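This briefing covers selected features of one protein model.

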Amino acid sequence: MQRLMSFVSGEWVEGNEPRSVLVNPATEEPLAETSTAGIDMAGALAYARERGGKALRTLSFAERGKVLRAMANAIHVRREELLALAVQNGGNTRSDAKFDVDGAMATLSAYADLGAELGERHLLPDGEGIQLGRTARLSGQHVLAPKRGAALHINAFNFPAWGLAEKAATALLAGVPVIAKPATSTALVAYRMTRGFLEDGAVPDGSLSLVAGPPGDLLEHLDRQDVLAFTGSSQTAMKLRGVDAALSRSVPVNVEADSLNASVLAPDVAAGSETEALFFADAVRDMTQKAGQKCTAIRRIIVPEARLSEVLAGFEERLADVTVGDPAREGVRMGPVTSADQLAEVRAGIEALAETTEPVFGGAGAIEPVGVDQGKGYFVGPVLRLARDPRAAAVHGREVFGPVATVIPYSGDPDEAAELVALGGGGLVTSVYSDDRGFVARAVPELAPHHGRLYLGSAKMASQSPGPGTVLPTLLHGGPGRAGGGQELGGLRGMRLYQQCTALQGDKSVLNALV
Ligand code: NAP
């Protein structure tokens, strides 16, 4: 069986026993094994800071942009191999795999373009100069300089390619070396991708390391100039916020966690309209793409009471078309969830929802997947529930990380819709479907404080829309409260985590020369 290695301190190293086994979640067949036990994590951090940090800081933004371009190219030439691995190890259909792998390439390319735009500079201004004295002679200027530490990136299992790439793009462009730690269960894609970056000589020595398994004592060695960026569950986030490095050495911890993303259908949207078609397409895609294992997936669908039965019928018809089975098989639209643990979690989540909701489609998720030996694989079918009580706690309090969503009726009043959405405690994205600008103008200020992103679905943008589940490098990703309070991407905004903002005071001509 293939044995994964970690790339630290400039070399590939293997961990000691015991090893974790990576499997194909459709067949349960073992694919690879990995361990990080015994790896010198303190040494890995020191090497990244000293070698990688120095190498990156000698490069201008434009040159770092070229590093990101080379990384995107390294993925491009290995695309077929990476897609096949995502199908095998992630339970992805080919289309799911493309979403992850092509998303990684697109994000690296977008930050490569940003690097070219920023040009030959090493220091970035933050805002305009400020007159401080009697004349403009004494001025102030905020600047952004790369931190001198390393960035530890801990990623979730659902996006092994994009998760690594989107975090690495912002840190590397900012000038900070990266230690990437993918989730163990789906690490094959991240492993192969990193091997590709190194085979092609895309990244300067020390600027990208890979820990292919548990992080061991790595977090204990984080120091004052290091950064920790985490994507995963709220429970793990809570532990990481409490590590000694964060508490006693002020290491910033950026958290991208759970989110009960919502979709709101406004009363103006007519049956059979383009906006209604977009509403259905987005919700069904989010329920089924990657078997619902997307942090941005719609979990709560808020629908005017007057349209309820018609909307439920629309979902039943569309979900009945979804073929579930071995994602390697043609015609299969939805594969399994990625592990036995995830399957148990999803089943428990459906059970908890069932206490206060009624079944609409898919019962408790039992399914006979096509092309799979009986009893094998971590499959759950699409499940749609109806919450007659719109404020039922489980509906707004538990993220079921699978192909599961709940329809919630409301009066059609935007304030009531926003109040229901806010019960989710802060989210990554909520979508509002309406062609009535009055409805949108009332909903947006109520929803905005609870989200990092709002998606405004309408007839005019429908033909160009990638849906709310697609995270774009130019727009902010992250959300308050339950979503973790983190901020990633959003162009320059995503680089802030890796930069120190410093206020300079001095002669205006000196400041101007610096920036
Ligand atoms: P998880 O169990 O919290 O694991 C996430 C990562 O943390 C994995 O790499 C895991 O490594 C690592 N980890 C676990 N315990 C750790 C510890 N004590 N110290 C250091 N690292 C530790 O989450 P998951 O099950 O992979 O991901 C699902 C969750 O992620 C969902 O709740 C989803 O909403 C959220 N998510 C959020 C976003 C977002 O952008 N907001 C994106 C994707 C997913 P091992 O695999 O080695 O255990």
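Arg19 sits in the loop between β3 (11-13) and β4 (20-23). The model is predicted, and the values below are computed from it.

- The side chain of Arg19 makes a polar contact with the side chain of Glu17, at 3.2 Å.
- The Arg19 side chain also reaches the backbone oxygen of Gly15, at 3.2 Å.
- Leaving aside neighbours within four places in sequence, Arg19 is in contact with Arg3, Glu14, Glu33, Thr34 and Ser35.

**Nonpolar cores**

- In soluble globular proteins, nonpolar side chains tend to be buried together.
- The largest nonpolar core here has 64 residues, and the members that touch the most others are Leu68, Met71, Ile75, Met495 and Tyr498.
- Helix α5 (residues 160-174) gives the most to this core, contributing 10 residues.
- Ile75, one of the core members named above, is in contact with Leu82, Val101, Ala104, Met105, Leu108, Met193 and Phe197, leaving aside its neighbours within four places in sequence.
- A second, separate core has 35 residues, including Val23, Ile350, Ile408 and Leu420.

**Largest pocket**

- The volume of the largest pocket is about 860 Å³.
- Its lining has 34 residues, and those nearest the pocket centre are Phe157, Gly232, Ser233, Gln342 and Phe401.
- Two or more lining residues come from each of β12 (227-231), α7 (234-241) and α11 (340-354).
- Helix α11 supplies the largest share of the lining, 4 residues.
- By class, the lining has 13 nonpolar, 13 polar and 8 charged residues.

Methods
Residues are numbered from 1 along each chain as its sequence is written. This is a predicted model: local features need pLDDT of at least 70, side-chain atom pairs count only at pLDDT 80 or more; totals for chains, interfaces and linings use all residues. Side-chain values use heavy atoms; hydrogens and water are left out. A nonpolar core is a set of buried Ala, Val, Leu, Ile, Met, Phe, Trp, Tyr and Cys residues joined through side-chain atoms within 4.5 Å. Buried means under 20% relative accessible area, exposed over 50%, partly exposed in between (1.4 Å probe, protein chains only). Contact means heavy atoms within 4.5 Å. A polar contact is a pair of N or O atoms within 3.5 Å; within protein, one must be able to donate a hydrogen and the other to accept it, and residues adjacent in sequence count only if both atoms are side-chain atoms. On a 1 Å grid over the protein atoms alone, a cavity is a set of points where a 1.4 Å probe fits but cannot get out, and a pocket is an open set with protein on both sides within 12 Å along at least five of seven lines; lining residues have an atom within 4 Å of a point. Grid points are joined across faces, edges and corners, and a volume is the space filled by probe spheres set on the points. Ala, Val, Leu, Ile, Met, Phe, Trp, Tyr, Cys and Pro count as nonpolar, Asp, Glu, Lys and Arg as charged, and the others, Gly among them, as polar.
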